[in-house]
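Here is a short report on one protein model. Please look over the sequence and the fold, then read on.

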Amino acid sequence: MEVSVLRLSHRYVRDTRTTTHLFLVARAFGTDKVVYTGQRDKEIEEELKEITETWGGSFKIEHSESWTSTLKDWQNSDGETIHLTMYGLPIQDVINQIRASKKNKLIIVGGAKVPGTVYRLVDWNVAVTSQPHSEVGALSVFLHELFEGRELSKNFPNAKLIIIPQQKGKKVTKTD
Ligand code: SAM
């Protein structure tokens, strides 16, 4: 099962920090790819590429001109679409059903106002509490529930640096 994230309406500079954190979470917590719409941000693309080269794995980042075509392409290839929103169904009520389907999954998160069409076109609108918070928090909890904690011990092949966990202090090994 492939899992990707679609981030809507990125605004260069204004959203750079949040979008970067969102993509770092997407990578660290086990997704394969992020796609984003809105303003193209080559600094974020470069930063994620460098992180992946250093810390391993095959995470991809793409810019899309149109969220509708990204979403429809995904649906046309029999993938499932899940929009994270505080107005959706509680995650605890639907996650078993979402997990049971082995279809590829596109997880959509907003930033600025999300167009109403998104709510209508997706397969699922899912809430991580019915309170407003953040796309970074919502994505983290959703992925943790989707993968049932397996993402915590995910391997990242071809890393140049590997952390050796320590009770105190920092230990990092170089692989080449
Ligand atoms: N009032 C805004 C809205 O939902 O349209 C909140 C924007 S919030 C800063 C940005 C994104 O965080 C939302 O588009 C949604 O993807 C995510 N988000 C925020 N709270 C959430 C919640 N309780 N459950 C799921 N996703 C949430």
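Trp55, Ile163 and Val172 together make a nonpolar surface patch of about 260 Å². The model is a predicted one. Valine 172 belongs to strand S8, which covers residues 172–174. Its relative accessibility is 44%. Buried would require under 20% and exposed over 50%, with partly exposed in between, so valine 172 counts as partly exposed.

**The sheet**

Six strands form an open sheet with parallel pairing. Their order is S3-S2-S1-S5-S4-S6. Strand S3 (60–63) and strand S6 (124–127) are the edge strands, and each pairs on one side only. From one strand to the next, the twist averages 30°.

Helix H2 (residues 42–55) packs on this sheet. H2 touches S1, strand S2 (33–38) and S3. The direction of H2 makes about 170° with that of S3. Helix H3 (residues 67–76) lies across S1, S2, strand S4 (80–90) and S5. H3 runs at about 155° to S5.

Now take strand S1, residues 3–10. S1 pairs with strand S5 (residues 105–109) in the parallel sense, over five bridges. Five bridges also join S1 to S2, and these two strands run parallel. Valine 5 has a bridge partner in S5, isoleucine 107. Valine 5 also has a bridge partner in S2, valine 34. The table sets out these two partners.

| Residue | Strand of partner | Bridge partner |
|---|---|---|
| Valine 5 | S5 | Isoleucine 107 |
| Valine 5 | S2 | Valine 34 |

Is S2 enclosed or open to the outside? Five of its six residues are buried, so S2 is largely enclosed by the rest of the structure. In a regular strand, side chains alternate between the two faces of the sheet.

**Valine 94**

Where does valine 94 sit? Valine 94 has its place in helix H4, residues 91–100. The relative accessible area of valine 94 is 5%. The cut-off for buried is under 20%, so valine 94 counts as buried.

Which residues does valine 94 contact, leaving aside its neighbours within four places in sequence? They are Leu89, Trp124 and Val126. Valine 94 and tryptophan 124 are 30 residues apart along the chain. Their C-alpha atoms are separated by 8.9 Å.

Technical notes:
Residues numbered from 1 in each chain as written. Predicted model: local features only at pLDDT ≥ 70, side-chain atom pairs only at ≥ 80, totals over all residues. Heavy atoms only, no water. Pairing = 2+ DSSP bridges. Helix = DSSP H or I, 4+ residues; strand = E, 2+ residues; numbered from the N terminus. Axes fitted to C-alpha atoms, helices over the stretch in contact; angles between N-to-C directions. Contact = heavy atoms within 4.5 Å. Patch = residues over 30% accessible without salt bridge, like charges linked within 9 Å, V, L, I, M, F, W, Y side chains within 5 Å. Areas by Shrake-Rupley, 256 points an atom, 1.4 Å probe, with all protein chains shown as cover. Salt bridge = Lys/Arg side-chain N within 4 Å of Asp/Glu carboxyl O. Buried < 20%, exposed > 50% of the residue type's maximum accessible area, 1.4 Å probe, protein only.
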